[in-house]
Amino acid sequence: MISVFDLFKIGIGPSSSHTVGPMVAANLFLTSLSKQFKLTDITKLEIELYGSLAATGKGHATDTAILLGLLGHTPSTIDTRLTSQYLTPIFSDKKMNVSGHHVIDFDTEHDIYWYDDTVLPYHPNALTIRALLADDTQYQQTYYSVGGGFVINDDDAHNPDEDHGTPTIDIVPYPFNTAAELLEQCRQHKLSVSELVLANECHYRDKEEIFAYLDSIWEVMQSCVEQGCQNSGILPGGLDVKRRAQALYLQLCAEKDKPIAKTDKLAAMDWVDLYALAVNEENANGGNVVTAPTNGAAGIIPAVMCYYRDFLSNYSQVGAHKFLLNATAIGSLIKQNASISGAEVGCQGEVGSACAMAASALAEIMGGDPAKCLNAAEIGIEHNLGLTCDPVGGLVQVPCIERNAMGAVKAINAARLACRGNGQHFVSLDKAIETMKQTGADMSDKYKETARGGLAVYADNRIPTATHGVSVNYSQC
């Protein structure tokens, strides 16, 4: 089981795989290097980006994320308002202060290499960081950003069965590798999905620590919605996409007391659309978001949780905890048995996963038993199968922002549909997850976060700099 501490992470936009992961990789590189050498021995640093990271990395600010990581910043603690200040010495003076302790020359035009036509064997999101040291020694590491901010190095990729310090699944009280095993554990021990996940989490941490973390995650999600409703303007990158959340928020607030708002049976869906748009506009602007399970799909779970908060009568902080714990179980199953990476399986792995997670969690909140929760998750995945990842210009804007609104509404419908049933469905959740994995394997690479197919080809006549020119500077927004 993947922990809630791993699946939900506070990071920065616009992408968990192309921004958060590369920054984490840079942090890991410095840690690894410092165990064998002194940082003051570094004379030169080189960065190589491969596959999807190179193809859409400039639109996702992959290069600047790595630079920020090499400066010593982390996704969860960086002040995104000061990003421009952090990067100015590199872009203006061609000087990098490695981890804040050692200044070297660094030229982004010559020390960063983009190999968009080269895909390394393990995963399409690959990068290599190389350090040249004072005694002419070279030290390098290759990392794979596998989605949701998760990063593994080359040794992990080629030796997956070795113990790298992660607790094995059979240590937890209620282990499960499949949805069928999860359902059987719940039935045998008379536990809800959230109760089972909490019991497993408690094997490693105190309840107080777990609940405090869940509170912080929910707080950042709500703050992201609020910020998105307050901010206006044009999103960075060259597409001239206008932010819509603020105008929609003002419109909905103005209609609250009007007769139409009181008689419109689907008015809640307008607010759900708003919540999702607000989060993903913040993400597209390079703000602080929660990977849920990825940045590209970061608006779905917050939107459904806000729907629970604002439109269901049983909302409570305890319920918010249950929501995130239940969603963790579904996200864990998908990540272990398929993928949450758009570069690996298309957007079905991002929006599809988030939709399934939110659907299952909401089903439990609405009184659904574990069977109905897994049924809701299956519906969420099944009706996102084949969804391509084709961001226009390599930017997480079109169709990504609007797609989150659609995914959130679909999750609510999936939960309601499942709760009206008996928990049984023709296609099991395990079969749906396996189908998503196979569909992703069959999908052409041009539909998997490379900006070379689908809607993304529209960018050819709109924004020549998004994937081929200078990196988008999110710090100016």
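Predicted model: local features only at pLDDT ≥ 70, side-chain atom pairs only at ≥ 80, totals over all residues.

Visitor: Is cysteine 306 buried or exposed?

Guide: Buried means under 20% relative accessible area, exposed over 50%, and partly exposed in between, with a 1.4 Å probe and protein chains only. Cysteine 306 counts as buried because its relative accessibility is 0%, whereas cysteine 253, at 29%, counts as partly exposed.

Visitor: What is the order of the strands in the open sheet?

Guide: Strands of a sheet pair through backbone hydrogen bonds, either parallel or antiparallel. Helices (H or I, at least four residues) and strands (E, at least two) are DSSP runs, numbered from the N terminus; two strands pair if DSSP finds at least two bridges between them. The open sheet has five strands in the order β5-β2-β6-β7-β8, with mixed pairing. Its edge strands, β5 (112-115) and β8 (150-153), each pair on one side only. Neighbouring strands of this sheet are turned by 20 degrees against each other on average, direction ignored. Strand β7 (residues 138-147) pairs with β8 in the antiparallel sense over four bridges, and serine 145 stands opposite valine 151 in β8.

Visitor: Which helix packs on the sheet?

Guide: Helix α2 (residues 16-34) does so, touching β2 (42-50), β6 (125-133), β7 and β8. The direction of α2 makes about 150 degrees with that of β7. Contact means heavy atoms within 4.5 Å; axes are lines fitted to C-alpha atoms, for helices over the stretch in contact, and angles run from 0 to 180 degrees between N-to-C directions.

Visitor: Which residues does leucine 87 touch?

Guide: Not counting residues up to four places away in sequence, leucine 87 touches Thr64, Leu67 and Leu68. Leucine 87 is found in helix α5 (residues 83-93) and is buried, with a relative accessible area of 4%.

Visitor: How many salt bridges are counted?

Guide: Side chains of opposite charge can pair when their charged atoms come close. A salt bridge is a side-chain nitrogen of Lys or Arg within 4 Å of a carboxyl oxygen of Asp or Glu. By this rule the count comes to 15. One of these joins arginine 130 and glutamate 46, at 2.7 Å from N to O. Arginine 130 lies in strand β6 and glutamate 46 in strand β2, so the pair ties together parts that are 84 residues apart in sequence. Both residues are buried.

Visitor: Where do aspartate 117 and arginine 452 lie?

Guide: Aspartate 117 forms a salt bridge with arginine 452, the closest N and O atoms being 3.4 Å apart. Aspartate 117 lies in the loop between β5 and β6, and arginine 452 in the loop between α20 (429-442) and α21 (465-468), so the pair ties together parts that are 335 residues apart in sequence. Aspartate 117 counts as exposed at 67% relative accessibility, and arginine 452 as partly exposed at 38%.

Visitor: What is omega for the peptide bond from glycine 13 to proline 14?

Guide: That bond is cis, with omega near 10 degrees; proline 14 is placed in the loop between β1 (9-12) and α2. A further cis peptide bond joins valine 398 and proline 399, with omega about 5 degrees. Proline 399 is in the loop between α18 and α19.

Technical notes: Residues numbered from 1 in each chain as written. Heavy atoms only, no water.
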